Every structure is written in C-alpha cells, then in structure tokens.
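Here is a briefing on one protein chain. Look over the sequence and the fold, then read the points below.

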Amino acid sequence: MFHPVEIAGMHCPNNIFLAPLAGYTNYPFRELCRGLGAGLTFTEMVSCKGLRYGNEETKKLLFCGNESPKAAQIFGCDPAIMREACEGEELAPYDLIDINMGCPMPKIVNNGEGSALLENFSLAEKVISACVKSGKRVSVKFRMGVKKGERLAAEFAKLCEGAGACMVTVHGRTRDMIYAGEADYAEIARAKNAVRIPVIANGGIFSKEDALRALRLTGADGVMIARAALYDPLIFCDLLEKDRPPLFPLFSRQLAQTKQLYGERFATVFMRKIAAFWLKGKKGAAEYKRKLFSAESSESVLLLAEEIFR
C-alpha cells in the first residue's frame, strides 16, 4: 500500500507525506524526515501577504536546500496576492504549492483565511484558479467541514479539481474538532470517489497500523503524517519497514543545522521542544523536560539529549 506516486508529473518516491506543521517544519526538520523516508515534505504555512510586503521572518520560512521534490504551503484569501506569491522568487524553487484551507486557528479564520474558505466556495475557487494561472502545480489541504457533523469533503474536492488543483489532502475532522476525536475516513473515501486527482488522507495516523487502516478505509492515494512525526520521526522507518537508527546522531545533526540557519537562541528554544516531543512516554520524562526547559544554550540541550537518547 506504500508505493511511489506521481502528482502532475512530479515524482514522489513514496506516498507517505510529512504535513505542514506551523512552527515546526523548517528545513532541518524536513531534511530529517526526508532522510528517514518521507516521500514529500511541506514547509510550514506561509503568509502570502507577508511575502508581498517583504517580511523577513516570512521569507525565512521558505529556506530550502537540496530537497527534491519541494513543496511549500501558503495561506491567504486574496486571489491576486496569492497568484503574485506563486509567481514570486521566494516560491520559485518549489515544485508544488499547497493552499491551506484547513487551519482552524481563530487568528487565521477571522481574516477569512484557512478553513474560513470552506464557508465561501466561490472565493475558494477563485483563489485556487488564480494560483493555478501562475503556472505552478497547486494542491489544496482542507478539513471535511466547519461544524461537527458537517461533511463537505466530496463537494469541496470537486471544486478544487475543477479549479485546477492537481491533488487534495483531506483532514477527516471539522474545524471545531481542532485535533480531538476520530478522523472520519468514510468522508475522505467520499472525496476520493468524487475526483480523479490524487487524494491524501490526513488525521489520526500515529502508527503503521493507523496508516494502513486509513488507506484501506479511504482508498486514498497516500497518507499525511502530522503530529506523529513530532513525537517520533522514526515513524517513517516503521511505515517503510526500515531499521530504526539511533536517535542521538539525528538530534545532533538537526540541532547543528538549526543553529547554522537560524542562530543560537532559536536553536536552543526549538530543539528543547523537539527533545521534549521525543521524550513522550519515556521513563523519567517529566524530570528530563524540567532540565531541558532550564537549558540556556544549544550546547546544554545537546548534552542533555546525549544523556537522554543514548
């Protein structure tokens, strides 16, 4: 069930994708997951307005290396600004541009962006169509509805396909569920049966068994791993039946790359969080977390990680 996949002529070595995770899927983290087997990785979501106005912090989110293929996720609700971003130099290196139409966070929704577009089909269609006119491959990630019990996935997937999207990822929860409750795989299956473009299943996948179940119940063309990759990036090894490598060398390399790209302070704070995620379920986790969040330098974080993960 895990196999290579083609998306509008773009070859992915397998159909296990790393989700765009706000605050986490920077280049070193994507590189880590790609090295462990992820077939495609996405940047965290990037504001098209931020790109238009030359915001330096926004531009930093789009740093990329020798990833291939490359995918970026953008958000916004103004078709002209979205197209302008797709045609801009910051997104030029990317092979696929994904439009976020699923983010449930109020600060995004209240601006008419993210999952707010599920309540405005006409504007959503215009946004997708404008991005497609840039000449880039365009995909859309969205939730199955806004309110619990609402099921819009099949209808919205058809809208995306009609507007020119070459792939959709369906998160099988509504906006008001946030990340709680079971993902509705039957609704993802309805979306899959409604369109001819690839459909990727997202939501509730934390193990190989979960991924196989999602593929079986949805008929989807692939799965997207989200929070599970934060807690245990070796999930990609499990899915592909590869040996699980030792954690410390992976952590050390990620910390070094993060420090080189984003500086000492960012690396210290970010890698403390990563180490805390990797501690989930381990003996003595609470005490180690206390020590981690007291660490004031990347070197201190690295020494603690060596103690924890070796």
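Two bridges join β5 to strand β6, residues 71-75, and the two run parallel. The model is predicted. From this pair, the briefing moves to the sheet and then to the whole chain.

**The β5 pairing**
- Serine 47 sits opposite phenylalanine 75, which belongs to β6.

**The sheet**
- Nine strands make up an open sheet with parallel pairing.
- Their order is β4-β3-β11-β10-β9-β8-β7-β6-β5.
- The edges are held by β4 (40-41) and β5 (46-47), each with a single partner strand, so one side of each has no neighbour in the sheet.
- Strands of a sheet pair through backbone hydrogen bonds, in either a parallel or an antiparallel way.

**Overall fold**
- The protein chain contains 15 helices and eleven strands.
- Its radius of gyration is 19 Å, close to the 19 Å from the globule rule for 310 residues, so the chain is as compact as a globular protein of that length.
- Along the principal axes, the C-alpha atoms of the chain fill a box of roughly 55 × 45 × 35 Å.

**Burial and contacts**
- Of the 310 residues in the chain, 56% are buried.
- Take the contacts between residues at least 6 apart in sequence: 67% of them join residues at least 24 apart.

**Surface and charge**
- The accessible surface of the chain is about 13,000 Å². Carbon and sulfur atoms account for 50% of that surface.
- The chain has 42 positive and 36 negative charges. The mean positions of the two sets lie 3 Å apart.

Notes. Residues are numbered from 1 along each chain as its sequence is written. This is a predicted model: local features need pLDDT of at least 70, side-chain atom pairs count only at pLDDT 80 or more; totals for chains, interfaces and linings use all residues. Side-chain values use heavy atoms; hydrogens and water are left out. Helices (H or I, at least four residues) and strands (E, at least two) are DSSP runs, numbered from the N terminus. The radius of gyration is taken over C-alpha atoms; the globule rule is 2.2 Å times the number of residues to the power 0.38. Buried means under 20% relative accessible area, exposed over 50%, partly exposed in between (1.4 Å probe, protein chains only). Contact means heavy atoms within 4.5 Å. Accessible areas come from the Shrake-Rupley method with a 1.4 Å probe; for residues, only the protein chains shown count as cover. Lys and Arg count as positive and Asp and Glu as negative; His and the chain ends are not counted. The place of a charge is taken as NZ of Lys, CZ of Arg, CG of Asp or CD of Glu. Two strands pair if DSSP finds at least two bridges between them.
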